[in-house]
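Here is a brisk tour of one chain.

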Amino acid sequence: MSLHNRSRLVLLLGVLTLFREVSGQASRCSPLDTTALWARANRAWSNERGLRWSNDSLRRVLLTLRDRDQAPRAEFGARVGDTLYGRQLMNVDSTLAAEMEVILGRFGLPTRSMVGPAGSDAAMLIVQHNWPLQERVLALAKAMPRGEISPEKLGMLEDRVLVHQGKPQRFGTQFTAGADGVFRFAPVSDTARLDARRSAAGMAPLRQYVCLFEEAGMHVDRASLPPMSRP
């Protein structure tokens, strides 16, 4: 589903990058709790100290793809309603999807042991922005041994696929953006245990996630959020 559609799915990967930037600056959002379970789970996955992976050349390719994906998204908050900008993102995504298709065909899904955490996350990032790859990669990722794919990135991809299929998401990573430029939370299953699922997957509580999303320049319809998660 494209960015310039009147109702479109928006993945919060760019906002997750902003988490690191915003948390080091003055913010109206509560400070990130680096001792929380979600933060420890995220660090455990991302830590590359002492790790060895089998394909460093592929890792370098994936990190370059990641940078190409993220560079035009630096202005996402300010230009989300810009039709031309949306088309530019679509063109970038289409090119990267074709390159990722080649990688999947030659190497399979890049994993932690193959390309390290950063390389695997880069591959998942490209997939997150390209619907034609998502159902295939979700099936591949779920078949991998535990620890080979980031639980956070896997949860995001699962949400993406579920919402695209018209089903409730599980981890609360997906919003829809209407023609009015307002982001509305996509329906989620089992809201009572939502933050517990997020924490286990290495995701911050939804309340904080939404606060930083708003601080990045997005207008969120708070009435669409579960009551317990409204900033």
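Two strands count as paired if DSSP finds at least two bridges between them. The model discussed here is predicted.

**The hairpin**

Strand S2 (residues 174-177) pairs with strand S3 (residues 182-185) in the antiparallel sense, over 3 bridges. Thr-176 has its bridge partner in S3, namely Arg-184. S2 and S3 form a hairpin, with 4 residues between them. In the turn, Gly-181 has a positive phi of about 80°. In a regular strand, side chains alternate between the two faces of the sheet.

**Aromatic pairs**

The structure holds 3 aromatic pairs. Two are set out below.

| Pair | Centre to centre | Angle between planes | Class |
|---|---|---|---|
| Phe-175 and Phe-185 | 5.3 Å | 65° | edge-to-face |
| Phe-175 and Phe-213 | 5.1 Å | 40° | tilted |

Phe-175 lies in strand S2 and Phe-185 in strand S3, so their pair ties together parts 10 residues apart in sequence. Both Phe-175 and Phe-185 are buried. The pair of Phe-175 and Phe-213 links distant parts of the chain. Phe-175 is in strand S2, Phe-213 is in helix H10, and 38 residues separate them. Phe-213 is buried, as is Phe-175. Ring pairs join Phe-175, Phe-183, Phe-185 and Phe-213 into a cluster.

How many residues of H10 are buried? The count is 8 of the 10, so H10 is largely enclosed by the rest of the structure. The buried residues are Leu-206, Gln-208, Tyr-209, Val-210, Cys-211, Leu-212, Phe-213 and Glu-214. Just after H10, Gly-217 takes a positive phi of about 110°.

A search of the whole structure finds 1 disulfide. Cys-29 is joined to Cys-211, with an S to S distance of 2.1 Å. The torsion about the S-S bond of Cys-29 and Cys-211 is about -95°, so this disulfide is left-handed. The pair links distant parts of the chain, 182 residues apart. Cys-29 sits in the loop between helix H1 (13-22) and helix H2 (37-46), while Cys-211 belongs to helix H10 (residues 206-215). Both Cys-29 and Cys-211 are buried.

**Two nonpolar cores**

In soluble globular proteins, nonpolar side chains tend to be buried together. The largest nonpolar core here has 24 residues. Leu-62, Leu-65, Met-100, Leu-109, Leu-133, Val-137 and Leu-157 touch the most other members. Which elements give two or more residues to this core? They are helix H3 (56-70), helix H5 (83-107), helix H6 (112-128), helix H7 (131-143) and H8. H6 supplies the largest share of this core, 7 residues.

Leu-65 contacts Leu-96, Glu-99, Met-100, Ile-103 and Ile-126, leaving aside neighbours within four places in sequence. A second, separate core of 20 residues includes Phe-175, Phe-185, Leu-194 and Leu-225.

**Single residues**

Lys-153 is found in helix H8 (residues 151-164). Is Lys-153 buried or exposed? Its relative accessible area is 12%, and the cut-off for burial is under 20%. Lys-153 is therefore buried. Not counting residues up to four places away in sequence, Lys-153 touches Asp-121, Met-124 and Gln-128.

Val-188 is in the loop between S3 and helix H9 (194-200). Val-188 is buried, with a relative accessible area of 15%. The C-alpha atoms of Val-188 and Gln-169 are separated by 4.6 Å, although these residues are 19 residues apart along the chain. Beyond neighbours within four places in sequence, Val-188 contacts Pro-168, Gln-169, Arg-170, Gly-172, Leu-194, Arg-197 and Pro-226.

Asp-190 is also found in the loop between S3 and H9. Asp-190 counts as partly exposed, at 32% relative accessibility. Its phi is near 50°, a positive value in a residue other than glycine. Most residues other than glycine have a negative phi.

**Confidence**

The chain averages a pLDDT of 86, and 87% of the residues score at least 70. Among the elements of the chain, H6 has the highest mean pLDDT (97) and strand S1 (residues 8-11) the lowest (35). Over residues 1-24 the pLDDT is below 50. Beyond near neighbours in sequence, this stretch has 65 contacts in the model. Where pLDDT is low, the predicted coordinates should not be read in detail.

Methods:
Residues are numbered from 1 along each chain as its sequence is written. Side-chain values use heavy atoms; hydrogens and water are left out. Buried means under 20% relative accessible area, exposed over 50%, partly exposed in between (1.4 Å probe, protein chains only). Contact means heavy atoms within 4.5 Å. A disulfide is a pair of cysteine sulfur atoms within 2.5 Å. A nonpolar core is a set of buried Ala, Val, Leu, Ile, Met, Phe, Trp, Tyr and Cys residues joined through side-chain atoms within 4.5 Å. pLDDT is the predictor's confidence in each residue, from 0 to 100. Rings of Phe, Tyr and Trp (its six-membered ring) pair if their centres lie within 6.5 Å; planes under 30 degrees apart count as stacked, over 60 as edge-to-face and the rest as tilted.
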